[in-house]
Amino acid sequence: MKKLTGAQIVIESLIAEGVDVIFGYPGGAILPTYDALLDSKIRHVLVRHEQGATHMAEGYARVSGRPGVVIVTSGPGATNAVTGIADAYMDSTPMVVISGQVGTSLIGNDAFQEVDFVGITRPCTKHNYLVKDVRDVARIVKEAFYIAGTGRPGPVVIDMPKDVQQAEHPFSYPNKVDLRGFKPTIRGNPRQIERAVEAIEQSEKPLLYVGGGVQWSGAAAELTALARGLGIPVTETLMGLGSVPASDSLCLGMLGMHGSYGTNTAVCNTDCLIAVGARFDDRVTGRIADFAPNARSIIHVDIDPSSISKNVKVDVPIVGDIKAVLTDMLDAVRARESIGKRKAVWAKWHQQILEWKRERPLYENGNHKERDSVSPLHVIEEMHRLTKGDCIIATDVGQHQMWIAQLFPFERPRSLLTSGGLGTMGYGLPAGIGAKFAAPDRKVIVVTGDGSIQMNIQELGTAVQYGVDVKVVILNNYFLGMVRQWQERFYQERYSYSAMSVPNFVKLADAYGAKGFRIEKSKELAATMKEAFATPGPVLIDIVIPKEEAVMPMIPPGGSMSEMLFA
Amino acid sequence: MPSHTISVLVENEFGVLSRVAGLFSSRGFNIESLTVNEDPQDPTVSRIVLVTSGDDQILEQINKQLNKLVSVIKVTDFKEVDTVDRELVMVKIAVDERTRTELDSIVHAFRAHVVDIGPRSVTVEVTGDTGKIKAFIALVRPLGIKEMVRTGKIAMARSVQLESNHNHRHVRE
């Protein structure tokens, strides 16, 4: 058999995995792999900063469901990738990161551009490898993709010393993996599923609480079928938005810190909480003791056993792949005729929630379009009108992120890309670029703030170089808006270092070779956004909004529903 | 909080101990004692026996988080099972004409071994469960302990255990 170098084996293995695009940045220790990459048909996107590469890979993974692939060099290349790796770990995003490393004889010598990358990434990866022998390369790549994409998805790092990339070995790609320590449970325990269905049948106020796991499992259809079949209302976490079409009245939108009054009141009153692929994050629960206080039973479906009963004690745990479990649950429901009699009770409960929602809507439908300054709600309405609601939205972190989560009606899963767990400012633009590589035919909008966009603004260069059609909407209030909001409410209006000057975004876009627009008045909004959205290629739209605009309602951190603040 | 022994079977590869130890430190769990050894019969695996403490919920999380590590093959929780456990300690004890006989009788009673003798000190090796080791140390302390090294705990489930453990508890109740 013909011998290949370790670098060529990496590339051949990626091809065998069906990888079509890599986000990366070359450097000394990874050059052998880059040299091999030049001869392959895999597309490579040269980023401007390695953090950008990791978020692009995340955006790509979220939209396609397949692991995003990143290649970086050793030392600073690797450490720059850490934020994105940690982000992917928190949001269960499949990713394979291949990093260059100094030669094996130099490891531990404080060599040029050496860091202990396996050590650094151990707590923020699902698994990681330091490859010490060229004979292991193909097996390790195979395992890395399997681990990243199987069970609860997550990032895997492969650290490749330069001499291993250069050493030679015959290439054959294994067709299966043998990992005795990694065997995720797929099918849920039938007895537990039966117990769950029983608990649901006995309840009067059942409520589904769904998270990002539903989307990773590709189970949005099964979830919607279950909710509609029984008439059970659904609340979604930030990562779960789009699991059930927002236009369905059963869809109650986001719960938690910035959830609506109606939705959070439903959580307070439910007697049977059915958590599906969600992890009882503190932004959802607030004070644990007061979370879902009337739930006589909590059912939790999750592929990761360690998520179950971690924060909240669960009555009916079901470990398994959500799609498989929900399919079995649908069968169990269909087999149980008596459950149909409960629908009338649940319909009443549903109506009650809708009444709560009407009592205190998220935003009063008032004259926000007539006022002089631009309202964030108005921007979102225009975005929705211009795209007919069919687009992928990537956000950064802060007020704009919460407004999107509250107000944009997502009809499809895999349409909102956002940093939920780690809350990484700078995620949006690169994630939007990555999304476009996964779904070239879908419209991609990045919604960001003046603070967040400046964290990875350099990726505008990447968007221009590859002609990536992303529309970047900056809600610009010359402040770190969410920080300002907390300082206003919880720190007696002492605005400690949260005001920020910003560049002239129109000129900046121009300098990068993109197109820029600026909107200062409400009356300019519709026409300018229309023009901007119709302009091909990367476009930056700088929209000035008042700094006093706050995300409401809000449950203070560590608080409970009774402490909810309103506008 | 009660101490608790867990046996973790892991892939015998470099870095595996830091994965396990890192899990404990990053989640704020405590390790009270730790032993690691290549399995004498299967060199591809190692066994880590560790003693930790925490309430039931913490122990459940430790168990689940350990199982989540790709390098971990099997986690055995010794909470529900009767186990045989052993520690080993070597103690260098000061002796003179007067105390030599007293030490000899303690060594004999504990079925310990003298492994080194000098003009002013004797080194004794004792194996046993934590209680026995503690008792031995308490007895020789008045003689003067010059130096002491102690291993972590190793443990194994008793072979006929489940049944006898069950009966045992039944009787106690």
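**Figure 1. The order of elements along chain B.** From the N terminus on, the elements of chain B in this predicted model run β-α-β-β-α-β-β-α-β-β-α-β-β-α, which gives five helices and nine strands; helices (H or I, at least four residues) and strands (E, at least two) are DSSP runs, numbered from the N terminus. Along its principal axes the C-alpha trace of chain B spans about 60 × 45 × 35 Å. Of the 173 residues in chain B, 21% are buried, a residue being buried if 20 or more other C-beta atoms, placed from the backbone, lie within 10 Å of its own. Among contacts in chain B between residues at least 6 apart in sequence, 74% join residues at least 24 apart, where two residues are in contact if their C-beta atoms, placed from the backbone, lie within 7 Å. Residues are numbered from 1 along each chain as its sequence is written, and chains are lettered from A and ligands numbered from 1 in the order in which they are written. Because the model is predicted, local features need pLDDT of at least 70 and side-chain atom pairs count only at pLDDT 80 or more, while totals for chains, interfaces and linings use all residues.

**Figure 2. The two domains of chain B.** Chain B is divided into domain 1 (3-77) and domain 2 (85-154), with bounds that come from an automatic or database domain assignment. Their centres, taken over C-alpha atoms, are separated by 30 Å, and six residues of domain 1 of chain B are in contact with five residues of domain 2 of chain B. On the domain 1 side, the elements that give two or more residues are β2 (31-38) and β3 (45-53) of chain B, and the largest share, three residues, comes from β2(B).

Figure 3. Seven of the seven residues of strand β7 (residues 155-161) of chain A are buried, so the strand is largely enclosed by the rest of the structure. In a regular strand the side chains alternate between the two faces of the sheet. On one side of β7(A) the buried residues are P155(A), V157(A), D159(A) and P161(A), and on the other they are V156(A), I158(A) and M160(A). Strand β5 (residues 95-101) of chain A pairs with β7(A) in the parallel sense over seven bridges, two strands being paired if DSSP finds at least two bridges between them, and I98(A) stands opposite I158(A). Strand β6 (residues 127-130) of chain A also pairs with β7(A) in the parallel sense, over four bridges, with D159(A) as the bridge partner of L130(A).

**Figure 4. The buried face of helix α22 of chain A.** The buried residues of helix α22 (residues 505-512) of chain A are F505(A), A509(A) and Y512(A). Seen down the axis of α22(A), they fall within an arc of 65 degrees, so they line one face of the helix; the arc is that of the directions from the helix axis to the C-beta atoms. These buried residues pack against α20 (459-465), β18 (470-476), β19 (515-519) and β20 (539-544) of chain A. The helix is followed by G513(A), whose phi is positive, near 90 degrees.

**Figure 5. Contacts between chain A and chain B.** In this view, 13 residues of chain A are in contact with 16 residues of chain B.

Methods:
Buried ≥ 20, exposed ≤ 12 C-beta atoms within 10 Å, placed from the backbone.
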